[in-house]
Amino acid sequence: MPRQVLRSPIFQNILYVQEYASPQDNSWIIHNSKLAFNHQVHLGYDDEIHLLYRLILMSLVNEYVKEVRKMGCNILELMAEGLKIEPKNVLSRMLSDEKADIVFRLNHYPPCSDSNPDSDLDLNNRSMSHGRTSIGFGEHTDPQLISIARSNATSGFQIYLEDGTWVAVPQDETSYFINVDDLLEVMTNGRFKSVRHRVVADSFKSRVSMIYFGGPPLMEKISPLDSLMEPDEESLYNEFTWFEYKSCTYKTRLADNRLSRFHKHSHPV
């Protein structure tokens, strides 16, 4: 392996190695330290080299996930401090638990121009790139507690505003993007809102992103925190387990409002 790879930051290491580990894959998923590729890759004559790079990739990703997990715990403790709830690890303990349900995803979005000149994406996304763009990953909220993302210098990440517009998040390859997820909205009884977002593919440049999804143990009971609720405040959500909610995500469409199924005084949509 070239010496400069080992000297570069771990994020750059992963981006470098993944090109050799599996150049035809568009995404890689790690669930609780198990690496999965989206489809079978034909390695050709240099199978052993590709296997070596996959092992290196796995090692780098495990190191990255370990550190980002610590970051996620720190962020959740800062949130608890800001909300003035005790103990301060009331949220972070779910990520630090050895049974925490952790997912890491590495996505590659190749350049892709929208072939439809009348697409409604053109109006919202033209400011993001030099040409029209296509959806790389459809609109959704993340079901876990917290998501931590980092990407290369190519833009594409957008968040949804209540007025129905999509806003591009300025790209910064040296920064992390923190998303509030569905479970955190429930546990704060709506004080924090789960962020609806999507990714659009740039017309000319590839985008690579790495996302850490921090979830609690499967049988963790999820409901608004007692220590956060005001004396006369009503819970907005029925109690459920992470397993129940995670199962719900597999039975609904990506863009569906899954939380509505657990919201009190409303009908599922």
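Trainee: Is Arg-258 buried or exposed?

Mentor: Keep in mind that this is a predicted model, so local features need pLDDT of at least 70, side-chain atom pairs count only at pLDDT 80 or more, and totals for chains, interfaces and linings use all residues. Residues are numbered from 1 along each chain as its sequence is written, and side-chain values use heavy atoms, with hydrogens and water left out. Now the cut-offs: buried means under 20% relative accessible area, exposed means over 50%, and partly exposed is in between (1.4 Å probe, protein chains only). Arg-258 has a relative accessible area of 5%, so Arg-258 is buried.

Trainee: Which residue forms a salt bridge with Arg-258?

Mentor: A salt bridge here is a side-chain nitrogen of Lys or Arg within 4 Å of a carboxyl oxygen of Asp or Glu. For Arg-258, the closest N and O atoms of the pair are 3.7 Å apart, and the partner is Asp-182.

Trainee: How many residues apart in sequence are the parts that Asp-182 and Arg-258 tie together?

Mentor: Helices (H or I, at least four residues) and strands (E, at least two) are DSSP runs, numbered from the N terminus. Asp-182 is in helix α6 and Arg-258 is in the segment after α7, so the parts tied together are separated in sequence by 76 residues.

Trainee: Which residue meets Glu-233 in a salt bridge?

Mentor: Glu-233 is partly exposed, at 25%, and Arg-191 is partly exposed too, at 34%. The N to O distance is 2.7 Å, and the side chain that meets Glu-233 is that of Arg-191.

Trainee: Where does Arg-191 sit?

Mentor: This pair, with its 2.7 Å bridge, links distant parts of the chain, 42 residues apart. Glu-233 sits in the loop between β11 and β12 (240–241), and Arg-191 in the loop between α6 and β9.

Trainee: Asp-256 and Arg-253 meet in a salt bridge, so which of them is exposed?

Mentor: The N to O distance in that bridge is 3.3 Å. Asp-256 is buried, with a relative accessible area of 14%. At 63%, the exposed one is Arg-253.

Trainee: How much space lies in the largest pocket?

Mentor: On a 1 Å grid over the protein atoms alone, a pocket is an open set of points where a 1.4 Å probe fits, with protein on both sides within 12 Å along at least five of seven lines; lining residues have an atom within 4 Å of a point. Points are joined across faces, edges and corners, and the volume is the space filled by probe spheres set on them. For the largest pocket that comes to about 710 Å³.

Trainee: Which element gives the largest share of the lining of the largest pocket?

Mentor: Several elements each supply at least two lining residues, including β1 (27–31), β4 (134–140) and α7 (242–250). The largest share is five residues, and it comes from β3.

Trainee: How many charged residues line the second largest pocket?

Mentor: About 440 Å³ of space lies in the second largest pocket. Its lining has 19 residues, and among the closest to the centre are Glu-185 and Lys-193. By class (Ala, Val, Leu, Ile, Met, Phe, Trp, Tyr, Cys and Pro are nonpolar, Asp, Glu, Lys and Arg charged, the others, Gly among them, polar), the lining has seven nonpolar and five polar residues, and the charged ones number seven.
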